[in-house]
Amino acid sequence: MSPQIPQISYASTAPELSDNTRYDFFSRVVPPDSYQAQAMLDIVTAMGWNYVSTLASEGNYGESGVEAFVQISRESGGVCIAQSLKIPREPRPGEFDKLVLRLLETPNARAVIMFTNEDDIRRILDAAKRNNLTGHFLWVGSDSWGSKISPVVQQERVAEGAVTILPKRASVDAFDRYFKSRSLSNNRRNVWFAEFWEENFVCKLGMHGKRPGSPKKCTGLEKVGRDSTYEQEGKVQFVMDAVYAMAHALHSMHRELCAGYPGLCPRMANIDGKELLAHIRGVNFNGSAGTPVIFNENGDAPGRYDIFQYQINNRSTAEYKVIGHWTNQLHLNMEALQWTTGDSSLPASVCSLPCRTGERKKVVKGVPCCWHCERCEGYHFQASEFTCDLCPYEKRPNQNRTSCQPIPIIKLEWHSPWALVPVFISVLGIIATTFVIVTFVRYNDTPIVRASGREMSYVLLTGIFLCYIITFPMIAAPDVVVCSFRRIFLGLGMCFSYAALLTKTNRIHRIFEQGKKAVTAPRFISPASQLVITFSLISVQLLGVLVWFAADPPHTFVDYGEQRTQDPENARGVLKCDISDLSLICSLGYSILLMVTCTVYAIKTRGVPETFNEAKPIGFTMYTTCIIWLAFIPIFFGTAQSEERMYIQTATLTVSLSLSASVSLGMLYMPKVYIIIFHPEQNVPKRKRSFKAIVTAATMTSKLSQLAAERPNGEVKTELCEGVEASVPPTKTTYVSYTNHAM
């Protein structure tokens with residue numbers, strides 16, 4: 001068991017001495033290096049340095065100090081250690097150059113934390129000077145550097161800007177007066193004083209002096225401070241405080257154990273170490289520097305440090321300047337800092353520069369102070385210092401990618417070229433259709449209008465008009481009303497047109513098919529019957545639209561996927577009606593079915609003489625219309641992935657509808673209008689023909705077509721005419737009036 005003897009140190013600063021389980025009877029009036037390490041870490045943090053190297057002299061002081069600094073920095077998490085280097089006790093030649101070059105391997109770690117002895121400080125500064133690294137390193141020295149002159153002599157430039165730390169202390173004037181008054185005659189009790197005298201005054205005391213070969217003898221009249229350089233040792237204050245601490249503890253113990261008893265009482269004859277330790281830890285008095293002398297539970301004095309910076313002023317004079325102090329927390333005068341002559345800007349010692357706005361930190365594994373900056377790409381924004389998050393689907397990152405903002409919503413504008421062309425065609429078509437309708441109404445009872453089938457013509461012209469009109473709701477800004485109109489009229493115009501044309505071609509086909517079998521007219525060929533058939537076909541389209549309305553009421557939505565470009569700056573949301581491509585196909589599908597059926601009938605009736613009906617113009621109309629819609633399909637669906645999809649598809653659809661209407665209008669009605677206006681002499685009634693005559697003419701034309709390839713032209717005509725005359729019986733014949741159906 002170790003003796004329980006309390007101790008009070010005036011110089012020991014090793015952190016491990018704070019371990020109360022091992023050194024429970026140890027106390028000290030100087031702060032431990034752990035406080036010093038904390039103060040140095042606070043300095044580094046205040047400077048904004050987060051990437052530093054450490055340098056320690058081999059031994060308890062250097063290694064313990066660096067270990068304390070590393071541990072505290074790891075716990076705080078704000079500073080990373082780039083390298084921890086150690087100076088051997090007996091360095092080989094070139095060792096310090098190697099250390100400096102190793103420090104240079106991490107050039108961003110400019111700050112170097114030094115727990116080294118005075119000699120190592122001088123040699124490391126000299127190595128930095130030799131390697132032309134003046135101004136590169138930012139030295140942060142412990143109390144072993146403090147405000148000493150010897151380490152920086154003739155190395156002022158390489159040491160410039162060094163920040164050092166020193167326990168707060170003051171010069172004791174009473175000690176100076178006492179020490180300067182000491183001489184060989186009045187200080188005989190100090191057995192080492194004679195040796196000090198010889199060393200201080202560079203002289204020799206008699207034959208038994210300790211300085212052999214000294215050129216002069218000591219007279220004994222020399223005076224300290226007058227005949228020699230004198231500077232008070234920095235630890236004088238702490239020596240005095242340690243002695244006074246022990247005295248105060250003994251005095252306190254005496255008052256408690258020997259109250260009113262002069263000198264040592266029997267109870268203090270054998271002092272209990274634990275009892276004395278309790279009195280030592282309980283002292284509280286103002287020390288020689290006027291600062292309180294107290295101990296914590298580990299026997300440590302409070303940390304009080306002065307902070308210096310080695311500066312060179314404009315007169316090239318170097319000095320240590322106090323720039324702050326540390327008493328449990330840092331108080332630093334940042335305005336007093338100076339790094340190179342006249343420069344007050346703060347240098348950097350960081351592993352990585354701060355990331356720019358909109359970039360996240362990708363930390364290097366194991367080194368939290370080092371990172372790579374990665375820009376938040378695409379639709380990601382900087383959610384935090386280390387993460388990028390995806391913006392909501394309807395939003396995009398703002399300019400600096402710190403948050404999300406709504407994606408702009410667009411629609412097809414009237415002034416867009418994609419709208420102007422369809423509108424121009426539509427307006428021309430509406431004018432032309434109106435002109436035809438007005439002409440037909442005005443000349444309603446003329447032979448050409450009557451022969452065209454007035455009722456069916458007006459239905460067909462209504463469908464053509466609707467095909468032109470649909471352009472406007474297709475381009476208008478979507479809302480519930482516009483979307484309703486789109487659903488209703490998108491397929492209705494085509495349905496009107498092709499229902500009427502199908503009824504016409506079907507009627508012609510049935511008439512001539514019936515004529516081949518009998519002389520009686522087929523059923524349902526009157527105008528009223530034709531209208532019923534036509535509107536029955538149209539009602540299917542209207543019924544489908546009503547079901548659509550009931551199942552899915554019209555509404556608008558914003559499509560953010562159509563123009564979701566790789567660059568979010570170009571992303572746009574498209575305001576649309578809820579008409580999908582499938583809904584569009586279903587809406588137009590019925591009309592296209594009518595169109596295809598009508599085309600089939602047009603092909604079947606292609607052999608009917610043009611002098612009797614509109615079969616051939618209808619056929620040409622349907623062939624052209626089929627070509628238009630065959631071109632429409634690849635253009636419309638082939639641009640589904642295009643950024644211009646909305647514009648191309650809307651323009652393609654409206655132009656296709658207008659062209660279909662224009663083909664019908666141009667081929668079926670413009671020739672009639674031309675005759676009505678410019679050649680009224682041709683707009684006269686022609687001879688009525690019986691149903692049998694019409695059928696006979698059709699049969700002759702059919703046979704003529706069949707025999708044309710087999711006989712010369714003259715033979716065919718002669719033979720055919722003779723056959724027809726022979727086949728007509730000389731009996732009385734009843735004629736069916738067909739004025740409305742032949743020109």
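**Disulfides, helix packing and loop residues in the predicted model**

Cys 80 and Cys 369 are both buried. In this predicted model, the two residues are joined to each other by a disulfide, with an S to S distance of 2.1 Å. The torsion about the S-S bond is 80°, and the link of Cys 80 and Cys 369 is right-handed. This pair ties together distant parts of the chain: Cys 80 sits in strand 4 (residues 80–87) and Cys 369 in strand 14 (residues 367–375), 289 residues apart. The structure holds 8 disulfides, and the pair of Cys 80 and Cys 369 is one of them.

Strand 14 also takes part in another link, since Cys 370 lies in that strand. The partner of Cys 370 is Cys 351, with 1.8 Å from S to S. A torsion of about 115° about the S-S bond of Cys 351 and Cys 370 makes this disulfide right-handed. Here too the pair connects distant parts of the chain, with Cys 351 in the loop between strand 12 (330–332) and strand 13 (359–364), 19 residues away from Cys 370. Cys 351 has a relative accessibility of 16%, so it counts as buried. Cys 370 is put in the buried class by its value of 7%.

What is the handedness of the disulfide of Cys 258 and Cys 265? The torsion about its S-S bond is about -60°, so the link is left-handed. The sulfur atoms of Cys 258 and Cys 265 are 1.6 Å apart, and both residues are buried.

Cysteines elsewhere in the chain give other pictures. Cys 598 counts as buried, with a relative accessibility of 0%. Cys 586, on the other hand, is exposed, because its relative accessible area is 55%.

Moving on to the helices, helix 15 (residues 527–551) packs with helix 16 (residues 581–604) at an angle of about 170°, and the two axes are 10 Å apart. The angle is over 145 degrees, so helix 15 and helix 16 are roughly antiparallel to each other. On the helix 15 side, the residues that meet helix 16 are Leu 537, Val 540, Gln 541 and Trp 548. Helix 16 puts Ser 583, Ser 587, Tyr 590, Ser 591 and Leu 594 into this contact. Sorted by class, the contact of helix 15 with helix 16 comes to 5 nonpolar, 4 polar and no charged residues.

The UniProt record (an unreviewed entry) places the feature "transmembrane region" at several spans, including residues 582–603, 484–503 and 657–679. For residues 657–679 the content is 91% helix and 0% strand, with 31 Å between the end C-alpha atoms.

Helix 14 spans residues 480–515 and contains Arg 507. Is Arg 507 buried or exposed? With a relative accessible area of 14%, Arg 507 is buried, because the cut-off for this class is under 20%. Arg 507 and Gln 530 are separated by 23 residues in sequence and by 8.3 Å in space, C-alpha to C-alpha.

Two loop residues have a backbone worth a look. Most residues other than glycine have a negative phi. Asn 132 is not a glycine, yet its phi is positive, at about 55°. Asn 132 is found in the loop between helix 4 (118–130) and strand 6 (138–141), and at 70% relative accessibility it counts as exposed. Gln 154, again not a glycine, has a positive phi of about 65°. The loop that holds Gln 154 runs between strand 6 and helix 5 (156–159). Gln 154 is exposed as well, with a relative accessible area of 62%.

As for the chain as a whole, it has 21 helices and 21 strands. Of its 743 residues, 45% are buried. Among contacts in the chain with a separation of 6 or more, 66% come from residues 24 or more positions apart.

Key
Residues are numbered from 1 along each chain as its sequence is written. This is a predicted model: local features need pLDDT of at least 70, side-chain atom pairs count only at pLDDT 80 or more; totals for chains, interfaces and linings use all residues. Side-chain values use heavy atoms; hydrogens and water are left out. A disulfide is a pair of cysteine sulfur atoms within 2.5 Å. Helices (H or I, at least four residues) and strands (E, at least two) are DSSP runs, numbered from the N terminus. Buried means under 20% relative accessible area, exposed over 50%, partly exposed in between (1.4 Å probe, protein chains only). Axes are lines fitted to C-alpha atoms, for helices over the stretch in contact, and angles run from 0 to 180 degrees between N-to-C directions. Angles under 35 degrees count as roughly parallel, over 145 as roughly antiparallel, 65 to 115 as roughly perpendicular and the rest as oblique. Contact means heavy atoms within 4.5 Å. Ala, Val, Leu, Ile, Met, Phe, Trp, Tyr, Cys and Pro count as nonpolar, Asp, Glu, Lys and Arg as charged, and the others, Gly among them, as polar. UniProt positions are given in the numbering used here, feature names are shortened, and annotations may be inferred rather than shown by experiment.
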